[in-house]
Amino acid sequence: MGLGAGIHLEGVSKRYGAGDTAVDALKDVNMSVAPGEVVGLIGPSGSGKTTLLKCLGAVIEPTRGRMTLGGEVIYDNGWQIDDRRVLRRDRIGFIFQAPYLIPFLDAIDNVALLPMLAGRPNAEARARARELLEALDVAHRAQAFPSELSGGEQQRVSIARALANRPPVILADEPTAPLDSERGLAVMRILHQLAGQYQTAIIVVTHDEKIIPTFKRIYAIRDGRTVEEAGEGRGLSA
Amino acid sequence: MISLAGRDILHSWSKFALTGLGLGLLIGVTFTMAGVYRGMVDDAKVLLNNSGADLWVVQKDTLGPYAESSSLHDDVYRGILGIPGVARAANVTYLTMQVRRAGADVRAMVVGFVPGEPGEPAFLIAGRRVTRSHYEAVADLTAGFALGDRIRIRRHDYTVVGLTRRTVSSGGDPMVFIPLKDAQEAQFLKDNDAIVSERARTAGNPALNRPGVPGLLDAIEASQTSNRNVNAVLVRVAVGHAPETVAEEIRRWKHVQAFTRAQMEDILIAKLIANAAKQIGMFLAILTIVSAAIVAFIIYTMTLGKIREIAVLKLIGTHNRTIATMILQQALGLGLIGFAVGKIAATLWGPAFPRYVLLEPWDAVIGFGIVMLVCVLASTLAIRAALAVDPAAAIGG
Ligand SMILES: Nc1ncnc2c1ncn2[C@@H]1O[C@H](COP(=O)(O)OP(=O)(O)O)[C@@H](O)[C@H]1O
Ligand SMILES: [Mg+2]
């Protein structure tokens, strides 16, 4: 494992704005997530959780520091990759608070879209999507449009989408927020299981009390600084 | 890769279909406006063709007989017949008036012609030519005339013995062809009361009613009631002569104006229809702008409704190009539906118009190009909005 794969942040800082109104949203953040590991990122509102995800997701640029994703340095006081769009497409899976599925694509094509965007033939992309929908127990809803799916089904389809290009890293922003605690725990079970199965490093931003005990490791963030804590790592056995 | 635009259209097809239908009716109106103009131009050409003339001889300094009134003495044609290159020359009269049929008024252009000469309708779609020298008529069927109909023109009844098609004046009034003498009478005929009072006035004038000159009063009265005028002389040029040369010769010798076919067409289209064309052009411009605004508005609102999904698409690595293409294709799809609906609508309702509506295939091709261009332009607003979306917006704040 070591520095080779997973997620590594060293001294990552992010300052919004400049001068008197500048906000230091991240201050020297250090963080490591191993492949196959699911860690929690918790903290009060305004503490910098979303900022951290956006930096890791390569949609905003940190002010300084070093970030490694899946064995490759993507940022070292400046972007180290040419095309961050391709990085996001092939190496990072995103799960949002709401599923944000594409309303005019059915479940299977919502998932297959990612491999298609990466240039995979439609048949291959759909085969992979079906496999993931099966793993997430929503294959029977493959032809349904998002509006025809329940909240839990939509969230599972969106998890399948995050996995579609087999990214080494998944960033989840409060993925259980719209779900009741039963379904929230079910989603966490799925994430833990998939992390193990595909050796994905997963960061879950949350302030959902019910799922916090499921993490073995937690980063607590306060005023832009992270503190690593040991979690309880329980509640996942069905 | 799948077509995002195609999937979106399929998914919300009812919205697209309804919008396309509305747009299509608007496009149909636009096509019809263009067709009305084409129909007017074509009517003018048919009017000239049907007269069977190469030259129109009219009163000097006028643009007659269709665009301006023109009056010639009815013996001018004899002199014209003597000019080299003139094969035939015949008097004609044109008068737009209300004629009565079955108790109702019909606006018509009454044409007086000499049977067998230029000015006689060339093709009948039913019935026969006028054979009697009085009180027979050939009429255009647009106004609903039928064989055997009795038409009242001024004080006389005429029987419809033949029918023509597409013989209308430049104002769109159906033509009724009657013998020249009848038409001259109809045009210049005084009513009975006027004749009686005119006679009394003449008889009461000692200069005109001299006891010592028998027959003078009768001669004066005959000359007052008969009419010696026509509106134009239609000329057919002999084979081997250039119409322009013959026209020049007529102008030089006869103190009249002579127009060639090309000049007549120019008068009808450039002068007579010019205002109508501008009017229609204005309509076309407004309809195009309105259609563009509708497409822009619809595509823009549809795009704004998908901002979150567009942010997600961008976050997961969709090219800006792919997103712009999606919006553009939707706009073009809307345009395509609109064009098809518009073309069908214009074709269906065209014949119901009182005047001839000519839908030229080439106009449809140009119209298609304009619709597509308008859709492209209209989608730029939505594309700009979509490209401005920050992928970071997909990650909750
Ligand atoms: N685009 C921005 N511009 C300026 N300040 C921002 C921006 N986004 C976030 N911030 C500030 O950065 C801090 C961290 O915000 P955020 O990362 O959204 O925290 P969290 O997700 O933990 O609630 C807050 O003080 C917030 O006001
Ligand atoms: Mg947040």
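A salt bridge here is a side-chain nitrogen of Lys or Arg within 4 Å of a carboxyl oxygen of Asp or Glu. A:D109 and B:R7 form such a pair, with their closest N and O atoms 2.6 Å apart. The model is predicted. Chain B and chain A bury about 2500 Å² between them. Ligand 1 has a shell of chain A residues, among them A:K49, A:T50 and A:T51.

**Extent of the interface**

- The size of an interface is often given as the accessible area lost when the parts come together.
- Of the roughly 2500 Å² that chain B and chain A bury, 70% is on carbon and sulfur atoms.
- On the chain B side, B:M1, B:I316 and B:I395 lose the most area to chain A. Together these three account for 26% of what that side buries.
- In residue terms, 24 residues of chain B are in contact with 26 residues of chain A.

- How many salt bridges does the rule find between chain B and chain A? It finds one.
- That bridge pairs A:D109 with B:R7.
- Eight residue pairs are in polar contact between chain B and chain A, both partners being at pLDDT 80 or more.

**Make-up of the chain B side**

- Two helices of chain B, α1 (4-11) and α10 (307-315), each supply at least two residues of the side that touches chain A.
- α10(B) gives the largest share of that side, six residues.
- By class, the chain B side that touches chain A has twelve nonpolar, six polar and six charged residues.

**Polar contacts of ligand 1**

- A polar side-chain atom of A:T51 is 2.5 Å from an oxygen atom of ligand 1.
- For A:T50, an N or O atom of the side chain lies 2.7 Å from a ligand 1 oxygen.
- A:G48 uses its backbone: a polar atom there is 3.0 Å from an oxygen atom of ligand 1.
- On its own, ligand 1 has 550 Å² of accessible area, and the protein covers 62% of this.

**Shell around ligand 1**

- Which elements give two or more residues to the shell? They are β2 (23-33) and α1 (49-56) of chain A.
- α1(A) gives the most, with three residues.
- The run A:P44, A:S45, A:G46, A:S47 and A:G48 is also part of the surroundings, as are A:Y16, A:V23 and A:A25.
- The shell divides into four nonpolar, six polar and one charged residues.

Terms used. Residues are numbered from 1 along each chain as its sequence is written. Chains are lettered from A and ligands numbered from 1 in the order in which they are written. Side-chain values use heavy atoms; hydrogens and water are left out. Contact means heavy atoms within 4.5 Å. Buried area is the accessible area (1.4 Å probe) that two parts lose on being put together, summed over both. A polar contact is a pair of N or O atoms within 3.5 Å; within protein, one must be able to donate a hydrogen and the other to accept it, and residues adjacent in sequence count only if both atoms are side-chain atoms. Helices (H or I, at least four residues) and strands (E, at least two) are DSSP runs, numbered from the N terminus. Ala, Val, Leu, Ile, Met, Phe, Trp, Tyr, Cys and Pro count as nonpolar, Asp, Glu, Lys and Arg as charged, and the others, Gly among them, as polar. A residue is near a molecule or strand if one of its heavy atoms lies within 4 Å of it. Accessible areas come from the Shrake-Rupley method with a 1.4 Å probe; for residues, only the protein chains shown count as cover.
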